[in-house]
Amino acid sequence: MNDVPKSPSAFQLNASDNVATLLGEAPAASMVAIVGVTDRAEVVAREKIAMGHKIALTAIGEGETITKFGVVIGIASRRIEPGEWVHLHNCRSQLDERSGAFDLETGAPPKGAEYA
Amino acid sequence: MHDGKWQGFLRADGRKGIRNHILVVYTVECASFVAQEIAKGEPGVQVIGFPGCYDNDYAIRLMLALATHPNIGGVLCVGLGCEYTQPHRIAETVRQSGRPAEAFFIQEKGGTRSSVALGKELILSLRAQADADAVMTEMTWADLTIGAECGGSDGTSGLAGNPVVGKAFDRLVERGGTAIFEETVEMIGLRDLMVARAASPTAAQQLGAAYDKAFNYSKAVRQCSVAPGNFAGGLTTIEEKSMGAFAKGGSQPIEGVIRVSERPPHRGLWILDSVPDEHFMQFGYTNPNDTEGIMDLIAAGSQMVLFITGRGSVIGSAVAPLIKVTGNERTYRNMTEDMDFNAGRVLSGELTMDQAGNELLNLIADVAAGEPSKPERLGHREFFLMYKHQDVPSLEAGCRV
């Protein structure tokens, strides 16, 4: 029997992308089928990844570019393994310094003096 | 495919409308209740207006653009009587455009009830005249100007909702039509990509200038156009959100940049710049809500606007019908009475992107031919206008650089 949990697929937009977008929630260790513009069949999710979030398709070294839509959307702020969740904790904008400190789950900005 | 021919309304200036609405315009917040009461329960009557007592060039240009919009057959202007904005002058401009128009001050007509009763009488006679004046004409794709706006974006917007609208825009422009999209603050990170899409060296200069202005604006307000809900929904950077938003512009060359209340100087695909210009008071925001952007697109002459919403929205728009597109199948199921088009079918593999774009184009033709969109059916006619500063547009050039 296959003990790998069933998982939704992830959509790759451009053949040169190193991330794909989850079309449903992927449980940890689940096999994620890659659909869209791709020659890749699947990748194993290393952790739980929510719908609409990104999964790494390849290993991405620290400082290397993260590509979606065939366009650089950010820089890896640390090494990312295939199947890892790619988000604020490991991908930073080249233009917007503020967003890197936002809450990883809710997206809320860090609590500042205005709430004191 | 739709044969691309339907009947529309020919206006004295040669433009063609897909509706023959009567518009009630209030010239200050104090007159808005009376204006809304006049329109209440009256089919084909819509309301716009400006809340400020002190006038604003940008706001007056926008109200005049809407009062002489091809979807409008007659106008009633209602003022209180103290404000700067002059209802009789708006009515005069409307009459010069070949449409019937009336105006009055509430203070001269004796209060709420008598003003509402007078207003209802006036819109009845405006309706009769607009119907009698109506000249029907054949319309084709080349007579259409369509706007696109997105709001309540989620992970599906950049994957399905916006790209499907981009496909429909590609087909519309191929058929000689005009397409407009905006939200330059959601193009941050894409300067090279934008400039590479320019149809001419002038357009390239305009696109570069519009990008730089939007980027400087974002730096000045210390905020990129990306919100907690976007991060929670899986968008990590402004560059990523921008690419998803830019996808609604399809793949045709971009003819140039227009500003609010300017019409595209010729057919094809255009970007609208709604970002405030520098001004000593530094007032005005860009896109404080979705409705403002939609009204900007309608003021540019769009007879219809496509609104892409992943999370779901329940707005419509005054003056021109709104078609609501979602790339999220769950949103489509949850809000079917509000959603016109399910673009999520391209993610489930039910449709290709090209098939979905063609299907959306058919829906555009049906709504242009008079079929009400879902928001129209529900009676939606949202409108928003606030103070902003934009330099006086230079109509010949299409945009100042």
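Me: By class, how many nonpolar, polar and charged residues has the lining of the largest pocket?
Reply: This is a predicted model, in which local features need pLDDT of at least 70, side-chain atom pairs count only at pLDDT 80 or more, and totals for chains, interfaces and linings use all residues. Residues are numbered from 1 along each chain as its sequence is written, chains are lettered from A and ligands numbered from 1 in the order in which they are written, and side-chain values use heavy atoms, with hydrogens and water left out. The lining has 12 nonpolar, 11 polar and seven charged residues. Here Ala, Val, Leu, Ile, Met, Phe, Trp, Tyr, Cys and Pro count as nonpolar, Asp, Glu, Lys and Arg as charged, and the others, Gly among them, as polar.

Me: How much space lies in that largest pocket?
Reply: About 600 Å³. A pocket is an open set of points on a 1 Å grid over the protein atoms alone, with protein on both sides within 12 Å along at least five of seven lines; a cavity is a set where a 1.4 Å probe fits but cannot get out, and lining residues have an atom within 4 Å of a point. A volume is the space filled by probe spheres set on the points, which are joined across faces, edges and corners.

Me: Which residues are closest to its centre?
Reply: Of the 30 lining residues, they are Glu186(B), Ser225(B), Val226(B), Ala227(B) and Lys241(B). Helix 8 of chain B gives the largest share of the lining, three residues. Helices (H or I, at least four residues) and strands (E, at least two) are DSSP runs, numbered from the N terminus.

Me: And the second largest pocket: which residues lie nearest its centre?
Reply: Phe69(A), Pro163(B), Met243(B), Ala247(B) and Gly250(B), out of 17 lining residues. Its space is about 450 Å³, and helix 5 of chain B supplies the largest share of the lining, five residues.

Me: What is the volume of the largest cavity?
Reply: About 110 Å³. Its lining comprises 16 residues, with Gly158(B), Leu235(B), Lys241(B), Gly244(B) and Ala245(B) nearest the centre.

Me: Changing topic, at what angle do helix 2 and helix 10 of chain B cross?
Reply: Roughly 60°, with the axes (lines fitted to C-alpha atoms over the stretch in contact; angles run from 0 to 180 degrees between N-to-C directions) coming within 9 Å. Helix 2 and helix 10 of chain B are therefore oblique to each other; angles under 35 degrees count as roughly parallel, over 145 as roughly antiparallel, 65 to 115 as roughly perpendicular and the rest as oblique.
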